[in-house]
Amino acid sequence: MPIKQIKRFLFGPPRLSREEAMKVFKRDHFKCQYCGLEGMQSFENWLILTIDHVHPHARGGAHSMNNLVTACQPCNLIKGKREYKTLEDAKKHVLAKREEWQQRYQSQLKAGAAAAH
Ligand SMILES: [Zn+2]
């Protein structure tokens, strides 16, 4: 068995190199392709930028530029390892979940305000 295959067997698929990741960030202008968060707006934003495999890597998605997009950590987490036909489908799901969580946040805010009175 060639070394490459043994490594893959032992350590899983190779990680994306920093250069490859940078290419994706630059193409996407350091902006989350799901929620539109601007990575260059602040250090905090920049810090949470990740690379997302539109077709999940765990399910055989390629390390190729057309399968990789810039995503902030929350969006990447929400998207998870689910399968989507297109980036648009994935985006719809992520944005719907974010909306759901925002409503939860709003109701917690209200509950907090009510408790303070
Ligand atoms: Zn995002």
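Residues are numbered from 1 along each chain as its sequence is written. In this predicted model, local features need pLDDT of at least 70, side-chain atom pairs count only at pLDDT 80 or more, and totals for chains, interfaces and linings use all residues.

Q: Why is Thr70 called buried?
A: A residue is buried if 20 or more other C-beta atoms lie within 10 Å of its own, exposed if 12 or fewer, and partly exposed in between, with C-beta atoms placed from the backbone. Thr70 has 24 other C-beta atoms within 10 Å, so Thr70 is buried.

Q: What makes Phe30 partly exposed?
A: Phe30 has 18 other C-beta atoms within 10 Å, which puts Phe30 in the partly exposed class.

Q: Why do His29 and Leu47 count as exposed?
A: His29 has 10 C-beta neighbours inside 10 Å, so His29 counts as exposed. Leu47 is exposed because 10 other C-beta atoms lie within 10 Å. Leu47 is found in helix α3, whereas His29 is in the loop between α2 and α3. Helices (H or I, at least four residues) and strands (E, at least two) are DSSP runs, numbered from the N terminus.

Q: Why is strand β2 described as largely enclosed by the rest of the structure?
A: In β2 (residues 68–72), 5 of the 5 residues are buried, so the strand is largely enclosed. Leu68, Thr70 and Cys72 point one way from β2, and Val69 and Ala71 point the other way. In a regular strand the side chains alternate between the two faces of the sheet.

Q: What makes β1 largely enclosed?
A: For β1, 4 of the 5 residues are buried, so β1 is largely enclosed by the rest of the structure.

Q: How do you know that β1 and β2 pair?
A: Two strands pair if DSSP finds at least two bridges between them. Strand β1 (residues 49–53) is joined to β2 by 5 bridges, and the two run antiparallel. The bridge partner of Thr50 in β2 is Ala71, and Leu49 stands opposite Cys72.

Q: Which residues does Thr70 contact beyond its neighbours within four places in sequence?
A: Two residues are in contact if their C-beta atoms, placed from the backbone, lie within 7 Å. By this rule Thr70 is in contact with Val24, Phe25, Asp28, Phe30, Lys31, Cys32, Gln33, Leu49 and Ile51.

Q: Which residues of the largest nonpolar core touch the most other members?
A: A nonpolar core is a set of buried Ala, Val, Leu, Ile, Met, Phe, Trp, Tyr and Cys residues joined through C-beta atoms within 7 Å. The largest has 16 residues, and Cys32, Ala71, Cys72 and Cys75 touch the most other members. At least two residues of this core come from each of α2 (18–27), β1, β2, α4 (73–79) and α5 (87–116). Strand β2 gives the most, with 4 residues.
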